[in-house]
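My entries follow in the order I made them.

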Amino acid sequence: MSVYKIIGGRRLEGSVRVQGAKNSALPLLAASVLSEGISVFRNCPRLSDVRATVEILRHVGCRVYAEGDALYVDASGPILPEVPDELMREMRSSVIFLGALLSRCGEVTLSLPGGCELGPRPVDLHLRALRCLGAEITEAAGRICCRAGRLTGARIQLPAVSVGATENAMLAAARAEGTTVISGAAREPEIADLQAYLREAGALVSGAGSGVIRIRGVDKLRGAEHRIIPDRIAAATYLSAAAAAGGRIRLYDVLPEQLAPVLQTMRQLGCSVSAGEGIVVLERKGPLTSPGPIITRPYPGFPTDAQPPVMAACLLAEGTTVFIETIFESRFRHVPDLRRMGAEIQTDGKTAVIRGVKALRGAEVEAADLRGGAALVAAALAAEGESTVRGLRHLDRGYEELETTLGSLGAEIRRQDGGDEGEQSDG
Ligand code: UD1
């Protein structure tokens, strides 16, 4: 089992290039099956979730190869409208292949990812959107079968904000007959990134970033070249780590406007934060103070994925900090392990109340999910003494060379290698 050994208490100083966004890369790679050509994705992060997506692409018949930080997907050959159970299980976000393969092939059979670390993860909104476009959906023996021939454009009203359902609807509508209007669409930057790629590939899509997306279906899409946006959650994690441990870090290749609620929280904590074009600089000189309540919301609100690492930064903040998690049911799984490090946290349903402590101490902890793991690493960097963080398979899903990056900032962190079992991930 791979573990991190971290000796806390070192200030973080230096520059970090922010990796490409995991949550853009995964739907973009799935979207590449729509185009009957070669798509190139630059700034593609090297992550286990990307490798799992590439496996699915290869299984359905794409040629995929890497060159530097670019990933090439050649989807010009015949595409198989089926994904086996074991590949679907690797990763929750593989559900995006539902809309992608349906769009390309007019049918698709796959198994749906079940519940996972963050609580139940239903797909009713995804299916509802595809049904609106004329898909017939049947389920047997845990496999789901979607058939449509050619999909037909329609009005899709999503009753709740869902990033994945919005993406599936966009992909299905891109090659449907006629016009689709998606209202109640998610406004996350990753949706706008998907729109940018689809447009480069010849799709007629507009409105991403607002709650209403319009798509006029086209017969075919061509290959396209696209640069993946920076990962705002990885950026939030490095900022949280520096706030927790102290120091001064400069992030580059980042889009500060996409980090607004996190930057505001860092300032409220008492850090000095400046942002310029593609750059964020955070410095923590003195003690931290509670930033006031943090309520997770769909974009442009405070991102649920940043809640765990930012919580780590609040553990040492003087006063009481209240976190209210409104997106996922089980998103405080890092809390028991943070308590082992001396944090004072009470949870009640969707609320966590933190009473700032003077110091954290190193402990043996285990990541239960990706961003919870990031919280444990950030807290361990701030703690006195040595911590052992287990469950690195979760962190490897979303952070490219985390220990190398933190090490370059002066953190004492090393990976002790060994086998580590995989399991379904939380997207
Ligand atoms: C994406 C992100 C994930 C992030 C989440 C919320 C990717 C690969 N993952 O996940 O990191 O935490 O957005 O920002 O981009 N829901 C339903 N029915 C559905 C679909 C969703 O009830 O059919 C609910 C979910 O249970 C959840 C909420 O809607 O409570 C938001 O989920 P959604 O936006 O769909 O998250 P994902 O796309 O899975």
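I began with terms. A nonpolar core is a set of buried Ala, Val, Leu, Ile, Met, Phe, Trp, Tyr and Cys residues joined through side-chain atoms within 4.5 Å. Buried means under 20% relative accessible area, exposed over 50%, and partly exposed in between, with a 1.4 Å probe and protein chains only.

This is a predicted model, where local features need pLDDT of at least 70, side-chain atom pairs count only at pLDDT 80 or more, and totals for chains, interfaces and linings use all residues. Residues are numbered from 1 along each chain as its sequence is written, and side-chain values use heavy atoms, with hydrogens and water left out.

**Cores.** I looked up the largest nonpolar core and found 77 residues. Those with the most contacts inside it are V33, V50, C62, M170, I182, L198 and I213. Helix 6 (residues 163-174) gives the largest share of this core, seven residues. Another core lies apart from it, with 73 residues, among them A236, F302, L315 and V377. I then checked L198. Beyond its neighbours within four places in sequence, L198 is in contact (heavy atoms within 4.5 Å) with A31, L34, M170, L171, A203, V205 and L221.

**Whole chain.** I noted 14 helices and 24 strands. These are DSSP runs numbered from the N terminus: helices are H or I with at least four residues, strands E with at least two. Buried residues make up 59% of the 427 residues. Among contacts between residues at least 6 apart in sequence, 74% join residues at least 24 apart. The C-alpha atoms fill a box of roughly 65 × 45 × 40 Å along the principal axes.

**Helix 5.** In helix 5 (residues 124-132) I found L125, H126, L127, A129 and L130 buried. The buried residues of this helix pack against helix 4 (96-105), strand 8 (136-140), strand 9 (143-147), strand 10 (155-157) and helix 6. G134 follows helix 5 and has a positive phi, near 100°.

**Backbone.** Most residues other than glycine have a negative phi, and most peptide bonds are trans. I therefore listed the exceptions. The peptide bond from Y299 to P300 is cis, with omega near 10°. P300 lies in the loop between strand 18 (294-295) and helix 10 (307-314). D253 has a positive phi of about 60°. D253 sits in the loop between strand 15 (247-252) and helix 9 (260-269), and is partly exposed at 32% relative accessible area. Phi of E401 is also positive, near 45°. E401 is in the loop between helix 13 (392-398) and helix 14 (402-408), and counts as partly exposed at 47% relative accessibility.
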